[in-house]
Every structure is written in structure tokens, then in C-alpha cells.
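Subject: Handover of a structure and findings

Dear colleague,

I am pleased to hand over the structure shown below. Please look through the sequence and the coordinates before turning to the notes that come after them.

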Amino acid sequence: MSKRFFGITLILAVAILSFFVVGLLMVDSFIQKQGIEEEAVEIATSVKHVKHAAIIPLPLNYEALPGNFLLTDRTTIYVSARDEEKIAELRRVARYLADCISQSTGYLIGVLDAKDIIPKGSILLSTYDAEPNLGIEGYELDVNEDGVYLLAVTPEGVFRGIQTIRQMLPPEIELSNVSEGVMWEIPCARIVDWPTYEERGMMLDVARHFFNVEEVKRVIDLISRYKMNRFHLHLTDDQGWRIEIKSWPDLTTIGGKSSVRNERGGYFTQEDYTEIVNYAQERYITVIPEIDMPGHTNAALASYGILNPDGLRKPPYTAMLVGFSTLMPREEITYEFIDDVIREIAALTPGPYIHIGGDEAHSTTKEDYDYFMGRVYKIVKSYGKEAVGWGPFDTVPGIPSSAVLQRWNKDKTMAEEKGMKIIVSHAQKAYIDMKYYKDSPLGLTWAAYINTKTAYEWDPTDYAPEQNILGIENPLWSESIQTIEELEYLAFPRLLGHAEIGWTPKHMRGWDDYSDRLRAHEKHLKYQGINYFKDPIVGW
Ligand code: TNX
């Protein structure tokens, strides 16, 4: 073989080899590229693009605009207000939003005071120059591609607006751990929103079965998500006394032990109660404590013999039927006792109300009932609070127009005549301790079966004249529930409908639209870890 031939062969061989190598590399890179593309397709399909927001309660004005705001790890929350006090409060509210965002996005969101112009991609929370007609809880929310601007008259209004923002984000925002691969978009929109009724609340009965501080905090947190602003704690009943009264310690050492079927007793120390009140206050929720009297008092009568006609303690009561017990309306010791209880509770309660019960006092004559409620009313006033009571407390001559009636049935009433304010809690619609359907595993049935649609399709004006209505409240009595999961099963999703009835004007509400939004909101419920009832009527 000549040298030359060998040279050519070598060149050819190298050329062929290189051709193969390059070819192989190309194929490989093609495969790799395809892999990347496949991956990209995968990411793209897992990326959540929010097209429209399903907000509950429905905002008063919602104008959808093209585009999205994208939340990133560079997003900062700015606050601005006229005075230092409001700025400090807004910083706290901003921190709350930042924490909500951080836990699911993994972004460390900073909070800064706004100076002049804020950078693109930021969120601004401001009480600067808001329209006064937004009221205490109203807000204006502008979302565009450059930023999110939330404006309100008060930090409370900003807090309510933040709940709207959270619902506009992808549902993964609700998760308590970091979620990868989500585009944290908020659809561009302009919202101007405020509530129809001043009070929108929930009542939790901790007397029939006890719920502890952590569980109660969770409930408060959940109701705040739907812009509720009142939390009524039913603290005492025949089956249990749940609030420490330092001057009458046996109320909790004895009365705190029992519960329905003795399944779950317990009580709040005054420190516990204060922790609950503060937690609620941070969410702009007013706690309304209830001491139910003169009936529903067996737990007190079981704690102190001195409150009974024969001087002997009653046995604890663990069954469910009520209406048999009564404090002694004509004995001064009763009022000394009540004075102590109301004084201690009033001192722990920053809100303006104390609920004094007054329902189902079947063992008290009407004359005694009137005398009793009139005196208790004066005690409440003497500690600077206003009284709320269940019907028929409004029929008592000594109850003036400034007191508030909580109306739960259609019994004869004097509230309208007196010009009293009314909280509407009609048992056949608003009692979320009722079963959804005949075969529901939890709940009572005496008032009605209330499915999600029935719970939604009513209006406060069906039960009281518009000018008297202060708001609405959902009582959750706890005879049939003992755990937070059971509590959530009865409360959700019905509570969302009530939140909307209290917030959104009647003419804007309709089941078809609401159930569409509820379906779209389902993942938000799921990712909040709520044990909601998958009511078939919603179309789930
Ligand atoms: C009625 S309505 C009650 C409560 C019960 C509830 C059960 C009213 C003010 N009182 O004592 O727990 O029904 O649904």
C-alpha cells in the first residue's frame, strides 16, 4: 500500500468517523432537545393559568381586564398611610399577606414603607386617599400587569381585600408547604367592593362539646377567609361551663367537666380566652361571648349549691333535651353571681357586646323571665357593654331599643316595634348544625334538612325588615359533633353561602352563578385542608 493511498484512506476513515460522531452527537442532541421539549410541555400543562376568578362572597363590582399580574420572588409588599399608627397596623396586615404567600410559593416576601414611586411587580397596600364611601370594610383592588394596588379607608378594609387577592391566586396558594411549577398569576381586574350588612358572623357552641384554643383559632381563621367579622362563642349551657370565672372557680372545676354524653368536656382559662380574642382581633373579627340564662344553666347549678333553692348542687347533665333548668330569678345571690361573671367577662372582652341568652327558659314564668332579663340587662350596661339576646328577650319590657335581638324563629316579637336591631339566624336556613339530608351522618333535624342550596337561597329580609337588620349569623350547635373534622363537615360549604348572603346584595345573588363559583373554588377548600361535605347538589 502506497503511503499516499494510506493517507487518503486515513483521511476518508477520519471523515467517515467524524461524520458518524457528529451525526451521533446531533441525534443525541436532538433526543436531548426533544426531552427538554417534552419536559417543557409537561411543565406548561402543569402551569396554572388563571383565566377568571371565582370569588366568594361575590364582590359588588368586578371588571375583568386582559392579562395577569405575576407574583415572583422579587415581589415586595409596600404599605402607605397618613399616620404612623396606621402605617404600623398596615405593616402587620402586610406581614400577614406576606406569610400567606411565602408558605406556598417559597418566596421570601419583604414588607417596606412606600416612598414616592414603587417598583414594577410590587403589591401596594394603602389607606391613603381612599374614597370614604368604601366604609370601614370596603376596598378597591386594581390588578394590572405592573402591580397590585389595594386601597381602603381602614386596615380592616385592606384585610378584607387581601382575602379577595388570595382567592384570585391559584388554589395552591392555600397549601402550607412549597408548591413547585405553579405560575403565581392574578388575573387583571378592577374591583370595588363593600359589605351589605354590618355584621356577618358564626356562632360556635363549645358547651355541648368542647373545642380547644387551637381548634377555635382554626375556625376563626377559616371564617375570616370569607370576610366574616363576628365570632359568637356559646360558652355555657346545661351540659358544660367553659370559661374560667376567678371569683367562682367551681364553674370550671366542676361545670367544665361534663358534656353531651360526657364525650368531650374542658374549659378556657381566662388566658386562653384572651388568646382567642386577640387572634380574632388580628383578623378584624369581634368576639361575642355568651352566658346563656336563666335557662340552659344546669352546669352552673351543678357547680354551686348556693344557686339552687334547696342549697344542693344539681347532678351534672349530659343528655340533649333542654328547657328544664333555671337560675332563681327572685334571689339576690343569683344577681351577685351574674354580676361577678359579667364583670370578669366584660373586662376580658374588647368588643361592645355580651350575649345573655334568654332562649328556651321553659321553667321560668313569663313574669320572672321579664324581671330576670331586665336586671341582667342593667348589669351588662353597668360594665359598659350592650346586650344581645335570643328571642323572646326582645319581649321583655326592660329591654330597650339599643339591645340587639338574635332572631332564630318566627315567635311573636317586639323588636320591630321597639326599633331594635336584629341579627337574623333563622333556624330553618342558618342553623348549620342541621343535617344536609336525611342520611347525613352528623347533625340534628328538628328545624329542617338544609342542603347547600337551601342554605344559600334566602335573604335576611325574609325574616326582618331591612331597616332593623344588623346582620346575619350561622349558629353551629355542637350536640352531634366532637372533632374539628366533624365541625368542618357541618360548616362547609354552607358557611360560604351565608358569608355571601351577608356581604353581597340580594339582586346580585343566584344559585347558578354561586354554585359555578363554589365548584371553581373547591380546590381552595381542599388545599386549606377543610373537611367539607361534597354536597351532590353543588355538582361536585
Ligand atoms: C336550639 S335556638 C337551641 C339550642 C340547641 C339547638 C340545636 C336556640 C337559641 N337554642 O339550645 O343547641 O336548638 O339545634
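The notes below describe the domains, the sheets and some details of the backbone.

Please bear in mind throughout that this is a predicted model.

Division into domains

The protein chain is split into two parts: domain 1 covers residues 64-193, while domain 2 is made up of residues 199-507 together with 527-538. A distance of 35 Å separates the C-alpha centres of domain 1 and domain 2.

The open sheet

One of the sheets is open and has seven strands, in the order β1-β7-β5-β6-β4-β2-β3. Its pairing is mixed. At the edges of this sheet are β1 (61-70) and β3 (110-113), each of which pairs on one side only. On average, and with direction ignored, neighbouring strands of the sheet are turned by 20° against each other.

The pairing of β1 may be followed in some detail. Strand β1 runs antiparallel to β7 (residues 185-193), and seven bridges join the two. Within this pairing, Asn61 has Val192 of β7 as its bridge partner.

A helix, α3, lies across several strands, namely β1, β4 (122-126), β5 (139-144), β6 (147-151) and β7. The angle between α3 and β5 is about 35°.

Where the two domains meet

How many residues of domain 1 are in contact with domain 2? There are 19 of them, and they touch 13 residues of domain 2. The area buried between domain 1 and domain 2 comes to about 1500 Å², and carbon and sulfur atoms give 49% of that area.

Polar groups also take part. Eleven residue pairs, both members at pLDDT 80 or more, are in polar contact between domain 1 and domain 2. The count of salt bridges between domain 1 and domain 2 is two. The side chains of Glu137 and Arg200 form a salt bridge, with 2.7 Å from N to O.

Which elements supply two or more residues to the side of domain 1 that touches domain 2? They are α2 (84-105) and α3 (155-168). Of the elements on that side, α3 gives the most, with eight residues.

The barrel

A further set of strands forms a closed barrel. It has eight strands, running β8-β9-β12-β13-β14-β15-β16-β17, and the pairing is parallel. From one strand to the next, the twist averages 25°.

Strand β12 (residues 286-293) and strand β13 (residues 353-357) pair in the parallel sense over two bridges. Met293 has Gly357 of β13 as its bridge partner.

Details of the backbone

Met293 also takes part in a cis peptide bond, which joins Met293 to Pro294 with omega about -5°. Pro294 is found in the loop between β12 and α7 (298-303). The phi of Tyr284 is near 55°, a positive value in a residue other than glycine.

A cis peptide bond is also present from Ile56 to Pro57, where omega is near -5°. Pro57 lies in the loop between α1 (3-46) and β1.

With kind regards

Key
Residues numbered from 1 in each chain as written. Predicted model: local features only at pLDDT ≥ 70, side-chain atom pairs only at ≥ 80, totals over all residues. Heavy atoms only, no water. Pairing = 2+ DSSP bridges. Helix = DSSP H or I, 4+ residues; strand = E, 2+ residues; numbered from the N terminus. Axes fitted to C-alpha atoms, helices over the stretch in contact; angles between N-to-C directions. Domains from an automatic or database assignment. Contact = heavy atoms within 4.5 Å. Buried area = accessible area lost by both parts, 1.4 Å probe. Salt bridge = Lys/Arg side-chain N within 4 Å of Asp/Glu carboxyl O. Polar contact = N/O pair within 3.5 Å; in protein donor to acceptor, adjacent residues only side chain to side chain.
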